[in-house]
Amino acid sequence: MSNVVERFLRYVKYETTSCEDSNTVPSTENQIIFARELGKELKELGLSDVSVDENGYVMATLTSNVDKQVPTIGFISHMDTSPDMSGEDVSPKIIKNYDGEDIVLNESKNIVLSPDDFPELKLYIGKELITTDGTTLLGADDKAGIAEIVTAMEYLIQNPQIPHGTIKIGFTPDEEIGSGADHFDIAKFDAQYAYTVDGGPLGELEYENFNAAGVKIHIQGRNVHPGSAKNKMINSMIVAMELNNMLPVNERPEYTEEYEGFFHLVGMRGTVEYTTIEYIIRDHNKDKFEQKKNLINQIVKFLNVKYGDIISIEIKDQYYNMKEKIEPVIHIVNMAKRAMEEVGVEPLISPIRGGTDGARLSYMGLPCPNLFTGGHNFHGKFEYIPTFAMEKAVEVILKIVELNNDITIS
């Protein structure tokens, strides 16, 4: 299983940051480069039907070696890393036999990964950790998932005496900018169900996620010399602040947890004359999700009456809670839960306070719960992953494959 660590350290050297402002698919050329390298590796390992399409989607098959008909199962991860922080020139640090104290990631910049800030570090005393050097993210989201899937397939290929049905694997671009499933060919993938390997700490098992929408608001102000501005100037930035203050303060990300949704201000650019603001809206409950969208629309209408139709708003649904699509096939969640238990991992079933490719894929007809990768603090310089958790992820994948053999297609 040590191969998973070597593989992961090799993968994070590829810079694959996605870009929300791009008009190409994938959004960055570096993702195609990484996709082609993955394709070569999968062929060398001995998988069949390996393909890298023009949009950067990687697919491959491990053909069944059993006589009976069992469901075709899939495992999926994404290749891109978050644009929230640089993923260029990632230089991982390996912390052996972690002692439970502060980890100096970057001495010159005084960047410290501390259990005072991240108390879950104490869970890994005596374990080996992979961290950043404090200047980039690490990329465990989701190169750890890719490494874990590929290592599991390698193990099955090297041990052909282990029975398994047909297994499909898929690696997608641009998940971090919400378009990872846009060009995923469900028919080509041809699995009855799949698992995204895109979760966080050891044991995470998720089949609920947010309903999600993106909001863009444009405010056209009126700029007048401040010396003669009385009753004439409309400062678009002030209007933007007024709008934001009309949203419920207790429904911001920093004040919510578990099943509580939020409005999250993610961008504001403006002058007196013109301002744009962007939000994301999230809620697990579909009715509350709709109420949130209605509220921000009503606020815009109110301010347009007050200021004279100076605001336009665009709301775009991004993905929905996959629970609705998973519950009819809940056995795939139970199978993952049992797999974890059988390899000594305590399942931690909780709602995703975010989304994965699996959410959209579930609505496209491929039920797709989410498994842990083992990582912590994704999208930033304090990201880290315990190596034993990666090895356990490989074991869980292999155990799911084994348990899937017990399901016979009539």
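The following paragraphs lead through selected local features of this predicted model.

Residue numbers start from 1 along each chain as its sequence is written, and side-chain values rest on heavy atoms, with hydrogens and water left out. Because the model is predicted, local features are given at pLDDT of at least 70 and side-chain atom pairs count only at pLDDT 80 or more, whereas totals for chains, interfaces and linings use all residues.

The account begins with helix 1 (3-11); helices (H or I, at least four residues) and strands (E, at least two) are DSSP runs numbered from the N terminus. Val4 lies in helix 1 and is buried at 0% relative accessibility. The term buried denotes under 20% relative accessible area, exposed over 50%, and partly exposed the range in between, with a 1.4 Å probe and protein chains only. The contacts of Val4, leaving aside residues up to four places away in sequence, are Ala147, Glu148, Thr151, Met390, Glu391 and Val394; a contact requires heavy atoms within 4.5 Å. Between Val4 and Ser48 there are 21 Å in space, C-alpha to C-alpha, and the two are 44 residues apart in sequence.

The peptide bond joining Val25 and Pro26 is cis, with omega about -5 degrees. A cis bond is also present from Asp141 to Asp142, where omega is near 15 degrees. Asp142 belongs to helix 3, which spans residues 140-158.

Lys143 is likewise a residue of helix 3.

By the salt-bridge rule, the count comes to 20. A network of salt bridges links Glu6, Arg7, Arg10, Glu41 and Glu154. Glu251 and Lys292 form a salt bridge with an N to O distance of 3.2 Å. This pair links distant parts of the chain, 41 residues apart: Glu251 is in the loop between helix 5 and strand 12, and Lys292 is in helix 6 (residues 286-307). Glu251 is partly exposed, with a relative accessible area of 24%, whereas Lys292 is buried at 8%.

Another salt bridge joins the side chains of Asp317 and Lys293, at 2.9 Å from N to O. Because Asp317 lies in strand 14 (residues 311-319) and Lys293 in helix 6, the pair ties together parts that are 24 residues apart in sequence. Asp317 is partly exposed, with a relative accessible area of 28%, and Lys293 is buried at 10%. A further salt bridge connects Lys323 with Glu327, the closest N and O atoms being 3.9 Å apart. In this pair, Lys323 is partly exposed at 29% relative accessibility, and Glu327 is partly exposed at 42%.

Which residues form the negative surface patch? They are Asp99, Glu101, Asp102, Asp116 and Asp117. Such patches comprise residues with over 30% relative accessible area and no salt bridge, like charges being joined within 9 Å and nonpolar side chains (Val, Leu, Ile, Met, Phe, Trp, Tyr) within 5 Å. Asp99 occupies the loop between strand 4 (93-95) and strand 5 (103-106) and is exposed, with a relative accessible area of 51%.

Asn231, a residue other than glycine, has a positive phi near 65 degrees. Its place is the loop between strand 11 (211-220) and helix 5 (236-246), and Asn231 is exposed at 76% relative accessibility. Glu258 is not a glycine, yet its phi is positive at about 50 degrees. Glu258 is found in the loop between helix 5 and strand 12 (262-270), and with 56% relative accessibility Glu258 counts as exposed.

Terms used: Accessible areas come from the Shrake-Rupley method with a 1.4 Å probe; for residues, only the protein chains shown count as cover. A salt bridge is a side-chain nitrogen of Lys or Arg within 4 Å of a carboxyl oxygen of Asp or Glu. Lys and Arg count as positive and Asp and Glu as negative; His and the chain ends are not counted. The place of a charge is taken as NZ of Lys, CZ of Arg, CG of Asp or CD of Glu.
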